[in-house]
Amino acid sequence: MIRFDAVTKQFPDGTVAVDELTLTAPTGRITVLVGPSGCGKTTSLRMVNRMIEPTHGSITLDGQDTGRMDEAELRRGMGYVIQHAGLFPHRTVLDNIGTVPRLLGWDRKRTSERSRELLERVGLAPELGDRYPSQLSGGQQQRVGVARALAADPPVMLMDEPFSAVDPVVREQLQDEFLRLQGELGKTIVFVTHDIDEAIKLGDQVAVLRVGGRLAQVAEPSYLLAHPADDFVADFVGRDRGYRALQFQAAPRLPLHSEPTVLLGERPQGAGAEWLLVVDDDRHPLGWVEPHRIGDRAVTEGDLHRGGTVARERGSLRAALDAALSSPSRRGVIVDDSGSLCGTVQAHEVLTAIERTGRPERDESDPVHGGAAAVSGAEPTTQDSVS
Amino acid sequence: MTWLADNWETVLTLTWRSLYLAGIPLVIGFVVSIPLGWAASRWSWSYPAILTTTGLLYTIPSLALFVIMPVLLGTKILDPVNVVVALTIYTVALLARTVADGLIAVPDDIAQAATAMGYKGVRRLFGVELPLAVPVIAAGLRVAAVSNVSIVSIASLIGVSQLGDLLIDGFNRVIWGELLTGIVACVLLALAFDAVIVLGTRVLTPWLRVQGARA
């Protein structure tokens with residue numbers, strides 16, 4: 001557990017970057033610090049490993065005042081990931097990953113074994129181990145950055161906008177894998193971002209900071225979306241918050257309709273239907289076609305409309321609703337965990353399910369910190385594009 | 001050519017003397033420049049002090065420095081140590097700045113990552129900062145090497161013999177073969193130094209030669 005206790009940081013020029021911040025990052029959970037630029041989120045993060053020293057207040061790690069620990073030892077016990085990965089360009093990928101173990105005095109063999117293990121763990125091929133960082137893509141570099149931070153198995157991870165310098169598709173992959181890894185590892189993570197969507201997706205707890213380094217609200221994501229503490233938070237959380245909050249609510253059993261399908265490469269049979277769903281041999285949905293445009297020939301890849309998203313059965317309500325809304329036939333495609341077609345659902349049926357579920361409860365006794373006490377693991381989104 | 005054929009043993013001896021009179025100061029000067037450059041890069045107040053001082057040293061004429069050395073060191077006027085110390089001073093004058101600038105040029109995100117990993121002190125210098133500064137430092141080292149080979153020939157004027165002897169003797173006695181041999185030998189020596197430094201840089205920076213690398 002990391003605890004900020006009335007922490008203030010004033011820089012020599014008089015700027016107050018962080019103002020009386022009191023916040024607890026619970027053990028084994030992801031705490032996201034989010035806010036506009038100038039809100040002191042990165043300064044707050046760097047005070048945890050003492051790259052910046054607080055002016056007032058204290059930060060404790062499992063009850064121990066970090067101000068009294070040896071700086072270098074403190075840092076070696078905290079994984080640190082930054083925006084452009086910050087890999088050492090003169091070292092191979094494996095040597096980069098093994099940085100902290102070597103600093104801790106592990107022997108070469110143990111370091112090398114551990115580095116190889118982590119390379120695999122973050123989803124990189126073993127042959128990338130001997131390359132240099134400049135030979136990797138931005139997304140791969142960022143994975144190496146995460147592996148390097150995890151190398152000595154530190155209980156704490158500090159992450160400063162780790163995914164913001166990669167393109168949106170890669171970012172989403174990295175976020176999903178990050179959640180998967182965290183599910184296995186259960187680190188105490190403090191994560192800084194300016195992207196509220198990322199905060200809501202990744203955080204078990206989200207702390208919204210306002211310019212001048214004051215805490216505006218800290219709560220779990222679904223609560224934050226449902227009950228912003230004031231106009232600033234409501235504004236920052238942004239539009240569509242009612243819709244976005246649905247991603248934290250698991251869909252109940254939805255009334256599924258069986259859907260006529262056609263295999264890719266075969267002639268469409270369902271004459272008269274306006275839209276027909278195309279599947280592969282494993283009944284994985286591929287996209288929609290319009291039979292009257294195809295006539296009497298076989299369906300090819302070029303015929304597919306791929307605009308519709310696919311939701312998993314018992315995934316989030318948001319994914320189910322989006323599947324229905326994005327489908328050209330207005331019938332949302334629902335698949336099982338292996339990705340095979342279960343059936344389709346219509347928007348009004350999802351809405352009926354939504355109306356039957358409640359909103360996150362409000363804790364009237366603590367309007368600012370409300371909701372944080374009941375932190376629970378957020379479900380990773382289960383929404384994929386038809387591809 | 002006939003002159004060289006008759007005197008090749010002398011030329012070899014003089015080349016060898018030039019080699020170590022220019023080479024030893026290069027090595028010592030490099031070693032001295034590392035802590036100086038590191039200090040200048042680390043504390044911004046020390047940067048102008050250190051680099052102005054070392055820069056001024058380079059403006060002292062070499063002949064004057066050779067002549068002052070025995071006074072400062074208490075050595076004999078013909079002692080080659082005078083030349084070694086004087087050239088070391090010139091090397092430091094050139095390299096302290098290069099080392100400082102090379103260390104300062106380490107990208108900020110990499111420096112921060114090093115801090116966050118728990119790197120500090122000497123281990124940080126030798127593990128992260130110096131390796132990344134190799135290309136910059138090597139460029140300075142090449143300039144210093146050529147400069148040393150050139151300046152060392154002046155030492156003939158104070159009686160410390162090396163390749164410079166061929167230039168002075170060839171000029172005074174108008175022996176074209178000797179003069180030409182001296183010039184060519186000096187150039188070849190400078191090229192040899194340069195080649196060694198370039199080769200050393202390549203060995204130390206495999207990461208710069210991989211596909212897609214940025215310098």
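1. Chain A has an open sheet of 4 strands in the order S2-S1-S4-S5, with antiparallel pairing; strands pair if DSSP finds at least two bridges between them. Strand S2 (16–25) and strand S5 (64–65) of chain A each have a single partner strand, so they stand at the edges with one side left without a neighbour in the sheet. Strands (E, at least two residues) and helices (H or I, at least four) are DSSP runs, numbered from the N terminus.

2. This is a predicted model, in which local features need pLDDT of at least 70 and side-chain atom pairs pLDDT 80 or more, while totals for chains, interfaces and linings use all residues. Residues are numbered from 1 along each chain as its sequence is written, with chains lettered from A and ligands numbered from 1 in the order in which they are written.

3. S4(A) (residues 56–61) and S5(A) run antiparallel and are joined by 2 bridges. Thr60(A) stands opposite Asp65(A) of S5(A).

4. Between the chains, 19 residues of chain B are in contact with 18 residues of chain A (C-beta atoms, placed from the backbone, within 7 Å). On the chain B side, helix H5 (108–117) and helix H6 (121–152) are the elements that give two or more residues. H5(B) gives the most, with 7 residues. That side of chain B divides into 11 nonpolar, 5 polar and 3 charged residues (nonpolar: Ala, Val, Leu, Ile, Met, Phe, Trp, Tyr, Cys and Pro; charged: Asp, Glu, Lys and Arg; polar: the others, Gly among them).

How values were computed. Contact = placed C-beta atoms within 7 Å.
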